[in-house]
Amino acid sequence: MAGMTLDQRYPALDDLRAKARTRLPRFVWEYLDSATGREATQARNRLCLDRIGLMPAILGGPQEVDLGTTLFGTPLPRPFGIAPVGMSGLIWPDAEGHLARHAAQTNIPFGLSTVASQSPEDLAPHLGAQGWFQMYPPKDEGIRKDMLERARAAGFKVLVLTVDVPVASRRERQTRSGLTQPPRLTPRLLAQVAIRPAWALGMARQHRGEGGMPHMRTLDKYIEGAASALSSTAHIGYLLRTAPDWAYLEWLRDHWDGPLVVKGVLDARDAPRLEAAGVDGIWISNHAGRQFDAAPAPIEVLEDIRAATTLPLILDSGIEGGLDILRALALGADFVMLGRAWHYALAALGAAGPAHLHDILSKDLTANMGQLGIRTLAEVRDLKRLSLD
């Protein structure tokens, strides 16, 4: 394959995913790729996207497409961004740094999880203008205030409250793999690491003094001396967090002066109350099938939620390319976020991965907009939609 370009070797996300699997220890692969239960929800995400057809156009003549959009009053060059992923740095060394730098260079949103392996302070030098901080809600008000101030001081502009993780999920594949929380290199895991030298060497360089393994750096100052007997799918963050309610959301709205997004919404009946509570955006998500295995696919409920609110709608879960992004926009989404995809790209290609995935998504959007005869993303709402059942 010498002399082939990245686009020739990895023209689609599936190619990056296949390459990533060969470069990650099994326990890391299972953490990244698995869902919960029988993984029916994960499969449903894909099936429901594939059922949505869009009528192609003919005789439109030459056209140049514009992939730009606007979110929260800010022009953005693409309709997609980087969703937060917990313990992102377990998947690839300096994952959060690579992704934050790519987002800054391209001016797309980058989401950092509360339970990422780098803190807001770590990423402040690399953060662009579109930093989003995703909060797993701390119960203690003092910790809550401090966390918000740290995110604000680091340069994060958008706060995302995740509401679909009231308890730890089972994630049976992840449990079977031997992964513990916090990650520990047991003899079983060391055997897996030994046959993945690129991952092992990179992790050892980045996490010297930490046993070669990442941990949740944002939480360090709050959990010193804490001990737990949490399950392998829970983590130290569960010692701090609570299951938020409407009063919690009201408190956050009062203490965050930037855009506030609620992530994990699937029921259209919640949308008007969220709008009345003063949130700035609704993130439709089933956590990529990782939390609850009887949830609808976000694309299934999108139209009903669109009809229930005028707020900007963000969607994730199951998105695999530009055509999926167009499907979501056609049904009423304003923006799309991807999580796993960026990590497949990192694991496959290292530092070159995010830019290549960005290129794949952009080219796929451009090609499919050409087939549909549209020049701007706004036009996708007017397309004829088909059921491909």
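Colleague: What makes the protein chain agree with a compact globule?

Modeller: Its radius of gyration. This is a predicted model. With 389 residues, a compact globule would have a radius of gyration near 21 Å. The protein chain has 20 Å, so the two agree. The C-alpha atoms fill a box of roughly 65 × 55 × 40 Å along the principal axes.

Colleague: How many of the residues of the protein chain count as buried?

Modeller: Of the 389 residues, 56% count as buried. The cut-off is under 20% relative accessible area. The accessible surface comes to about 16100 Å², and 53% of that belongs to carbon and sulfur atoms.

Colleague: What share of the contacts joins residues 24 or more positions apart?

Modeller: Such pairs account for 74% of the contacts with a separation of 6 or more. The protein chain has 18 helices and 12 strands.

Colleague: Why is Thr-162 called buried?

Modeller: Buried means under 20% relative accessible area. Thr-162 is at 2%, so Thr-162 counts as buried. Thr-162 is found in strand E7, residues 158-162.

Colleague: What makes the pair Thr-162 and Gln-134 a polar contact?

Modeller: The cut-off is a pair of N or O atoms within 3.5 Å. The side chains of Thr-162 and Gln-134 make their polar contact at 2.7 Å. Leaving out residues up to four places away in sequence, Thr-162 also touches others, including Met-135, Tyr-136, Lys-263 and His-287.

Colleague: Why is Met-87 called buried?

Modeller: Again the limit is under 20%. Met-87 has a relative accessible area of 2%, so Met-87 is buried. Met-87 sits in the loop between strand E4 (80-82) and helix H5 (88-91).

Colleague: What makes helix H16 mostly covered?

Modeller: In H16 (residues 322-330), 8 of its 9 residues are buried. Among them are Gly-322, Asp-324, Arg-327 and Leu-329. Just after H16, Gly-332 takes a positive phi of about 125°.

Colleague: How many positive and negative side chains does the protein chain have, and how far apart do the centres of the two sets lie?

Modeller: There are 43 positive and 43 negative side chains. The centres of the two sets lie 6 Å apart.

Notes
Residues are numbered from 1 along each chain as its sequence is written. This is a predicted model: local features need pLDDT of at least 70, side-chain atom pairs count only at pLDDT 80 or more; totals for chains, interfaces and linings use all residues. Side-chain values use heavy atoms; hydrogens and water are left out. Helices (H or I, at least four residues) and strands (E, at least two) are DSSP runs, numbered from the N terminus. Buried means under 20% relative accessible area, exposed over 50%, partly exposed in between (1.4 Å probe, protein chains only). A polar contact is a pair of N or O atoms within 3.5 Å; within protein, one must be able to donate a hydrogen and the other to accept it, and residues adjacent in sequence count only if both atoms are side-chain atoms. Contact means heavy atoms within 4.5 Å. The radius of gyration is taken over C-alpha atoms; the globule rule is 2.2 Å times the number of residues to the power 0.38. Accessible areas come from the Shrake-Rupley method with a 1.4 Å probe; for residues, only the protein chains shown count as cover. Lys and Arg count as positive and Asp and Glu as negative; His and the chain ends are not counted. The place of a charge is taken as NZ of Lys, CZ of Arg, CG of Asp or CD of Glu.
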